[in-house]
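Here is a briefing on one protein model.

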Amino acid sequence: MTTQDASPQLTWTEEGEPRSGRFGDVYFSRDDGLAETRAVFLNGCGLPDAWAGRRRFTVAELGFGTGLNIAALLSLWQAHRPEGGRLHIFSIEGFPLTADEARRALSNWPELAQAAEALTNAWPSGAPGFHRLDLPGFNAVLDLAVGDAEWALREWSGQADAWFLDGFSPALNPGMWSPEVMDQIAARSAPGARVATFTVAGAVRRGLAERGFTVEKMPGHGRKRERLEARLPTPPAPEAAPRVVVIGAGIAGASVVRALTAAGVAPVVFEADRPGAGGSGFPSGLVTPRLDAGDAGIAALYAQALERARDLYRATPGAIVAEGVLQLPQAERDAARYAKIAAQPIWPSGAMTMVSPDEAAARIGEPASTGGLLMGGACAVNPAAILPDWLFGAEIIKAVVTRIEPSDAGWRLFNGDAVLAQVDAVVLTAGWGSASLLEDRDAAPRLSPVRGQANWISGPVPAPVAWGGYAAPTDDGLLFGATHDRGDTSTDIRDDDTTRNLTTLEQRLPQLAASTAAKTIQGRAAIRATTADRLPVAGCVAPGLFILGGLGSRGLSAAPLLGEHIAALITGAPTPLPQSAAARVGPLRASVTAK
C-alpha cells in the first residue's frame, strides 16, 4: 500500500520508504539505506582515505534524490575532514523533491540529523538550472543542477575526484546511463578519479572500461550480490594556494574576496581610496535581475545570479533592508512583456508575480495607474553592511595601481616605477578604473563610463519600487534616482541632477516625492562601467589576469555569483556557472573586445 504525497512522482510505502511513481523504484534500500550508501558509495570511492591531505575534494553525483548520499558524505567529511580542506559537491536531479519530503525521508537516520538539517535548510527551489547551496558548518558547497543529466554534465566545468552513480536502474532510467552521459563522466573526471555504483549492468561496465577506467565487481550490499568500483590510473595532481591580488574594494572586489576566502585563499586588496568609494558607496541599492523575455540564456543567468545574491545577503548581518521589489511599466507594451517574464520556468515559485493596480497601490502606499511585476526574490540592501563583512580578514592596502605587467613568476603591480607586488594572479574589480589597466592590451574588454547621481533623504521608508527611476529604502529613509549620462566621468554633485531625480520621482510617485519637501537632500555621483552588449565581463583575460567588471547598474545582483566564478577559475574549483553562461560573460567575447 502507498500514500500519495505533495509531489505527484513521490509515494510512501507503509514502511515509510519513498518510492518514485515516475520510475517505479525506491530511493533507498528497505533494509538499510544508510548502510547501503556507506557501503556502495562512500567505501566504494575509498572515502575518507581518498581525500587525506587534500585542500579541495570534489564529489559528483548522478541522482540527488532524497539527499541521503550527500547527507552521509557530509557527516563523514565533518568527522574526517583534512585540515583546511573544502568539499565541493555537484549533483544532478531531473525531478527534485521538496525540502519537506527530503526531511521526512532523512528522518529515518538520527545519526545524520546535523547534516540532514543543514542540507534541507539550504534546499533549493525546483526551478531548472544550477543552484549553489552553502554548507558553512561543513566547509562545503553543493551545486545542484536541476535538469537532464547529459545537459548538466555538458554545462558543468568541474573535475570530480569521486563519482556516485545513483540514478534509478539502467532498465528504468536509461537516459542517466547513456553513452553520452558516460562520455561526460570521463571528460569531467580528475586524475585518479574513482567511481562507485550499485549496478553491475554490462553496458555500464563496458562504458566505463572503454573510457579508461579500471572496473571491478565488488560484493554487494544486502540483497544485491554485486556492485561496481572503477578508477582512473593517473594520480591526482599536486595542489598549491595561489598568491592573489584584487584591485578594487567595491561590491565586485568584495565578492571575489569573499569567494577566495571561502576557498582557503588569502587575497591582498589594493584600493585607491576606501572600500565602497565608487559605485558601491550609496546608502542603499536594489538587487534586481535584468529582465529578458526573448533571450533564455541571459534570463537564466540573471535568475541564478539573483537567487545566489539573495541567499548570500540573507546570511550577511544587516545587509537586507527590504525584500521584494515592484517593477512598474515604462511603456504600454511592458505589461505583456512582464507577464511573459513571470511565466518563465527559471524562477522559483512566487519569485515573479503580476499584480493589479490596487495591489501595486497597496504596496507603494499611494494610487497606482497600472499594475506591475512584483519580484519577490529581489531586495534592497545596505552596501555598508556587506563590504566590511565580505572583506573581513583580507589585507587591504591603500595604493593606486597605475599599471600591471606579466612576469616569469606571474604579474607585477606598479605605482609609477615602484613595484607594489609580485603575485600569481590579479583580479581587476575597479569598475571604470579597470579600463586604464587594460588599455595597452590588444585582447581585452572595452569598458565605457556612465555617470549616475542618486539622492537621498531621512524620513519615510518606502517599499522598493523601480520604473525608469527607482525608490529604495535606506536604513532611515529614501534613496531615489538615478541619472544616466554616458561618457561623463565627473563625480561632482550637481543641483540640476538632483532636480532631474526629483522630477522622475514626482512623475511616478507624487506623494512620496512630496515627502522630500523641507528635507535635507543629500547626493552622490559615481561612474558605472558598461559594455557594448550590456552584459558583465567575468573571466580570464590572460594567464593569471582576471576581470569582474562591466556590471552597469546590476552590480549588487550579478557580482556575488560572478565573484564565485572568478575565484573558481583562479583556484581550479568547480564554478557555479553553467559553461554556456560563462561564455556569455567571457571577457574576450567579440562583442566587447572590438576597438
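Asn139 lies in the loop between β7 and β8. Its phi is near 45°, a positive value in a residue other than glycine. The model is predicted: local features need pLDDT of at least 70, side-chain atom pairs count only at pLDDT 80 or more, and totals for chains, interfaces and linings use all residues. Residues are numbered from 1 along each chain as its sequence is written, and side-chain values use heavy atoms, with hydrogens and water left out.

**Backbone geometry**

- Asn139 is partly exposed, at 21% relative accessibility. Buried means under 20% relative accessible area, exposed over 50%, and partly exposed in between (1.4 Å probe, protein chains only).
- Arg534 also has a positive phi, near 65°, and is not a glycine. Arg534 sits in the loop between β29 (522-530) and β30 (537-542). Arg534 counts as exposed, at 54% relative accessibility.
- Helices (H or I, at least four residues) and strands (E, at least two) are DSSP runs, numbered from the N terminus.
- The peptide bond from Leu47 to Pro48 is cis, with omega near 15°. Pro48 belongs to the loop between α1 and β5.
- Gly481 and Ala482 are joined by a cis peptide bond, with omega about -5°. Ala482 is in the loop between β27 (477-481) and β28 (485-486).

**Helix α4**

- Which residues of helix α4 (residues 113-121) are buried? They are Ala115, Ala116, Leu119 and Thr120.
- Seen down the axis of α4, these buried residues fall within an arc of 120°, so they line one face of the helix. The arc is that of the directions from the helix axis to the C-beta atoms.
- An α-helix has 3.6 residues a turn, so residues three or four places apart point the same way.
- Gln114 and Asn121 are exposed on the other side of α4.
- The cover over the buried residues of α4 includes α2 (68-80), α3 (99-106), β7 (129-135) and β8 (140-146). Contact means heavy atoms within 4.5 Å.

**Aromatic pairs**

- The count comes to 10 aromatic pairs. Rings of Phe, Tyr and Trp (its six-membered ring) pair if their centres lie within 6.5 Å; planes under 30 degrees apart count as stacked, over 60 as edge-to-face and the rest as tilted.
- Trp51 and Trp77 form an edge-to-face pair, 4.9 Å centre to centre with 80° between the planes. The pair links distant parts of the chain, 26 residues apart: Trp51 is in the loop between α1 (33-42) and β5 (56-62), and Trp77 is in helix α2.
- Trp51 is buried at 0% relative accessible area. Trp77 is buried too, at 0% relative accessibility.
- Phe90 and Phe130 have ring centres 5.8 Å apart and planes at 50°, so the pair is tilted. This pair also links distant parts of the chain, 40 residues apart: Phe90 is in strand β6 (residues 86-93), Phe130 in strand β7.
- Phe90 is buried at 1% relative accessible area, and Phe130 is buried at 5%.
- One aromatic cluster is formed by Phe90, Phe130, Trp151, Trp156 and Trp163.

**Charges over rings**

- Arg258 lies over the face of Trp390, 5.7 Å from the ring centre. The rule is NZ of Lys or CZ of Arg within 6 Å of the ring centre and within 35 degrees of the ring normal.
- The charged end of Arg403 sits over the ring of Phe414, 3.9 Å from its centre.

**Confidence**

- The mean pLDDT is 93, and 94% of residues reach 70 or more. pLDDT is the predictor's confidence in each residue, from 0 to 100.
- Over residues 1-8, pLDDT stays under 50. The model has 18 contacts beyond four places in sequence for these residues.
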